[in-house]
Amino acid sequence: MTALLAIIGGAIYIIGYMVYGKRLEKEVVKADPNRPTPAVKLRDNVDYMPANKFVLYGHHFASIAGAGPIVGPALAVVWGWLPSILWIWFGNLFIGSVHDYLALMASVRYDGKSVQWISGKLMTPKTKYAFELFVYFALLLVIAAFMNVFGGLAAADPKIATASILFIIVAMIEGYIMYRTKMSFSAASIIGVILLVLAIVLGFQFPFIKIANIKTWYVIQFVYVIIAASLPVWILLQPRDYLNAYILWFGLIIGAIAALIAFRGFTWPAFTVFSPNLISGQPSPFWPTVPLIIACGALSGFHSIVASGTSSKQLDNELSGLLVGYGGMFTEGFLSTIVVLSIAAFGMTVLKEAGGDMAKLASPALIGKYGAGQIGATVGKVGIFTHSFGKLVNVIGIPEKLGVTFGGLWVSAFVLTTLDTSNRLARFAWGEIWEPVKKTSEGFYKFIANKWVGSIIAAALGMLIVWGGTLGSLWPGFAGANQMLASIAMITAAVWVRNVQKAKKAWQYAVLIPALFLWITVTVALIWYLFVAVPAIKAATTKYPVAIFTIIMIILNFILIGDFFSAFRKGPKPEAEVK
Amino acid sequence: MKTYFFLGKGGVGKTTIAASFGVGISIEKRSVLVVSLDPAHNLGDAFNLPLSNKIKKISDNLSAVEVDIEKMIKEYLNELAYKMKNTYRYLTTFNLDRYFDILRHSPGIEEYAVLEAIKRFIRLKEFDTIVFDTPPTGITIRVFAMPKLSLLWTDRLIKMRRRILDRRKMVENVKGRFEAKIEEETVVLTSDEKEDDVMNELVRYRSEMEELRNFFSSEDTIVDVVTMPEELALFETKRISESLSEFKIKLRTIFLNKVIQCKKPPEGIKGKIKEQEEVLKKMGEEFRGTQIKEIPLLEHSPRGTEELKELYNNYLT
Amino acid sequence: MKKLSDLLGRFFGGIDEGLKEASVSLIEKELEETENVFALLTMGFLSGIPSPPTGLVLRLLPYMQREIYVMMLRSKNLDDVFAETAGTFDID
């Protein structure tokens, strides 16, 4: 089964790429190999520099893939593996990859400007400000949700905790030898990889960091984030970012190989119930709430930031965009497929070995009711993946427990990087938000926009939100924000396709319908979340901030659709030029 | 080499005193140069000789010159434009002329030119004494301030430049030497402090400024103020003295000029004489460490070398 | 056969180049920012911000072609700083 689904998944993506992707390229983007991209036209070897398309693809993929495509699907298996995989395949094909590709190409057409900037031009400037305001909240939710992910992993498994801490040290050593010494790049890289392996093996053999209290891990992460985000990038962030890419490719490749040769049947049910107890322990209907669980892997708004922030400025030719934007997202979808497969094949065994109450997991309906709880109580919501992954790679000879540690480090390495970068970005967005105050009270502005103040506030707010929360209640907040970002990007793309690209009606709808479907789904999901899931959150420090953010998100969502309709109704401009 | 700076606002007789001083010591010393940095060039009038931007020999031991600051500024900017045109000819978007107009009027350009002029003259080997007739007080104070201010900025920029070079080195360690393409030309961006033009210039400038700062505070640099026995003049002299001490420059002598010495003063100026006395008294109290020399209001202003010499002999020694 | 080795060469060359880029992209961004601030400070006279004494500026200007170049470029993108900053960091 694993092999079969891996192959089907791969096939769907490849065929989707060839058939749907190529048509998008021709009919919607109208990619012209003779039209110079900004990387060529505005080349300055500073920001704008054409990159080999494979290089850019690799870089883009490493940028967009993080912990998201792993954690989301791991949570989603409670619906059964089939609905999860269908969303990962078709949500990705018709919405996610389209979103990524169009965000990239629209940006290319606007000289590398971001999707937010484009939205400001195509719709209204207040859309742009709403976007920025909204991103700050989204970042706080990222910090909170990811603190929980790492905290959960580290508290449950000292091997993972130790390996993660060792990895930080390894990254700092790598930073030193790579940037401060004259050692050749290849030598430094090889040493880095060796040290990385050492960190995993040592963490596995000598798991001396035994802190079982998740709240302690929150405080540790709080301190870590503030320090890490204040360090010059070469000391930790950059080298870790670099080594993470090796972890990612290695995990993906051995996961794929193992899936192909495992030939295991699935013990996990294809389908449990439509509304299993998942989000905040409440019955969560697959539609509309699946985007609140599976974000990255199927559709992720943060990708549009990466696509239009850097990748669009390095695209060497319009025809390369398909591989980078569309292909990159597909690869992430494939990664998520592997995640689902491994749990489908080994999840049950994992739960049994971890002392789960098999009576509560005896039938699909029961799994729907108790599955999330059982997972949480035994291996942990992310642990279900790491343990299944361990069993999966055992098939190709890697010791199971080592595989588990690797899987755990994979997730935590990306989580810790994301915490670092989110804090930095939040600091920046914070300063922007308080700009209007500068004129009335300069002293206050100076204080509030101070780097340390911004950093501490973001980390503290994140920690506050996560303090009493569970992954089941927090993750949807993060995913919701992510999907909202995707909505904005998708809708901007739809306006672009109609008003600027003037694509054929059928193709306008090919973009518009997913965009509207997404918008409706996300809005209904957020309203559901606000009225069903949020009240079920026990901790007040989690409940109220999340509630406020959700309300703000819903309001912004309505402002957005209003702007969209007026822009859409205005129709194609006779001459849509970029100054 | 000894250097004398005569400060004072317009109308106090600064130029006359400076010229007279120059004449006087040219007899005692070997060779003296009197330099007028004041745009309101009165030095020529004082000597009764036409003076120009070129050093003119007045006697065996005495020469004089009136510096054309405006011309100097133009020269510097032209030189800069020339240097920049060569390196920037391909930055066609950068309309240099407009920016030079801004520079021409930027605050500090006059002070810069004056400072450069001072630097130039104190290097002349053929003179062992230079007497400077300074520009209006405001500019002169800022000129004295410039080394300290420049050092502050230079240190800051050096620190920042070091950080830039440091990061470049990191990237170099991975990607090799960085070659940037600016328009059609390839420029190698170095990470080495010794090779970086900007760093070298910063370091060079820093040592020059340090030299100047030491020069201004040294024992061989004598700063004097020429003033009048009036209340406002007293306040101004106080301010000058405070500013100077900020830059560790000592005020050596106060030349109190145009003192009314009248045995039988008419009614009309009795009040003035009373003010004068009070100012004299206060000055004595406020400026304990400083020498105060009084020069009476003369019947006619000295003109020409002989009269200036007489002034020196009578009142300035 | 030659074509294959040529292709492999380019493929691995591409990977090497990609890896090198990945390993320094953040540092390069920081470098750009610092160069930009250096340029802004030195040429503050153009935008009315506090700047070094004119003398220092006059002395440095002839050597600052790259800094001026970068500054000109950045001023074009000033209204989209969000993209500049956010795009550099991976969040997912």
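## Chain C

From the N terminus on, the elements of chain C run α-α-α-α. That makes 4 helices and 0 strands, where helices (H or I, at least four residues) and strands (E, at least two) are DSSP runs, numbered from the N terminus. This is a predicted model, in which local features need pLDDT of at least 70, side-chain atom pairs count only at pLDDT 80 or more, and totals for chains, interfaces and linings use all residues. Residues are numbered from 1 along each chain as its sequence is written, chains are lettered from A and ligands numbered from 1 in the order in which they are written, and side-chain values use heavy atoms, with hydrogens and water left out.

Of the 92 residues of chain C, 61% count as buried; buried means under 20% relative accessible area, exposed over 50%, and partly exposed in between (1.4 Å probe, protein chains only). Chain C exposes about 3,700 Å², and carbon and sulfur atoms supply 66% of that area. Accessible areas come from the Shrake-Rupley method with a 1.4 Å probe, and for residues only the protein chains shown count as cover. Among the contacts of chain C with a separation of 6 or more, 51% are between residues 24 or more positions apart, a contact being heavy atoms within 4.5 Å.

## Chain B

Chain B has 317 residues, of which 51% count as buried. Its secondary structure comes to 10 helices and 10 strands, and its C-alpha trace spans about 90 × 40 × 35 Å along the principal axes. Taking contacts in chain B between residues at least 6 apart in sequence, 74% join residues at least 24 apart.

Leaving aside residues up to four places away in sequence, T221(B) touches T3(B), F5(B), F215(B), F216(B) and R252(B).

## Helix α3 of chain A

Now to chain A, where helix α3 covers residues 53–64. Its 12 residues reach 16 Å from first C-alpha to last, close to the 16 Å expected at 1.5 Å a residue; the expected span of a helix is 1.5 Å times one less than its number of residues. At the N-terminal end, N52(A) caps α3(A), with a side-chain oxygen 2.7 Å from the backbone nitrogen of F54(A).

Why is α3(A) largely enclosed by the rest of the structure? Because 9 of its 12 residues are buried. These are V55(A), L56(A), Y57(A), G58(A), H60(A), F61(A), A62(A), S63(A) and I64(A). The buried residues of α3(A) pack against α5 (81–109), α11, α13 (302–309), α14 (321–353) and α17 of chain A, together with α1 (2–42) of chain C.

Helix α11(A) has 26 residues, which should span 38 Å at 1.5 Å a residue; its end C-alpha atoms are 36 Å apart, which agrees. This helix is mostly covered, with 19 of its 26 residues buried. Just after α11(A), F263(A) takes a positive phi of about 50°.

Which residues make the nonpolar surface patch of about 550 Å²? They are I7(A), I253(A), I257(A), L260(A), I261(A), V395(A) and I396(A). Patches are made of residues with over 30% relative accessible area and no salt bridge, with like charges joined within 9 Å and nonpolar side chains (Val, Leu, Ile, Met, Phe, Trp, Tyr) within 5 Å; a salt bridge is a side-chain nitrogen of Lys or Arg within 4 Å of a carboxyl oxygen of Asp or Glu. Helix α11 (residues 237–262) gives the most to this patch, with 4 residues. I396(A) sits in the loop between α16 (383–394) and α17 (400–433), and counts as partly exposed because its relative accessibility is 31%.

## Backbone details in chain A

Some torsions deserve a look. The peptide bond from W287(A) to P288(A) is cis, with omega near 10°, and P288(A) is found in helix α12 (residues 286–289). D111(A), in the loop between α5 and α6, has a positive phi of about 60° although it is not a glycine. S280(A), in the loop between α11 and α12, has a positive phi near 55°. S280(A) is buried, with a relative accessible area of 13%.

One more serine, S119(A), lies in helix α6 (residues 115–122) and is buried, with a relative accessible area of 0%. The C-alpha atoms of S119(A) and L335(A) are separated by 30 Å, and the two residues are 216 residues apart along the chain.

How values were computed:
Polar contact = N/O pair within 3.5 Å; in protein donor to acceptor, adjacent residues only side chain to side chain.
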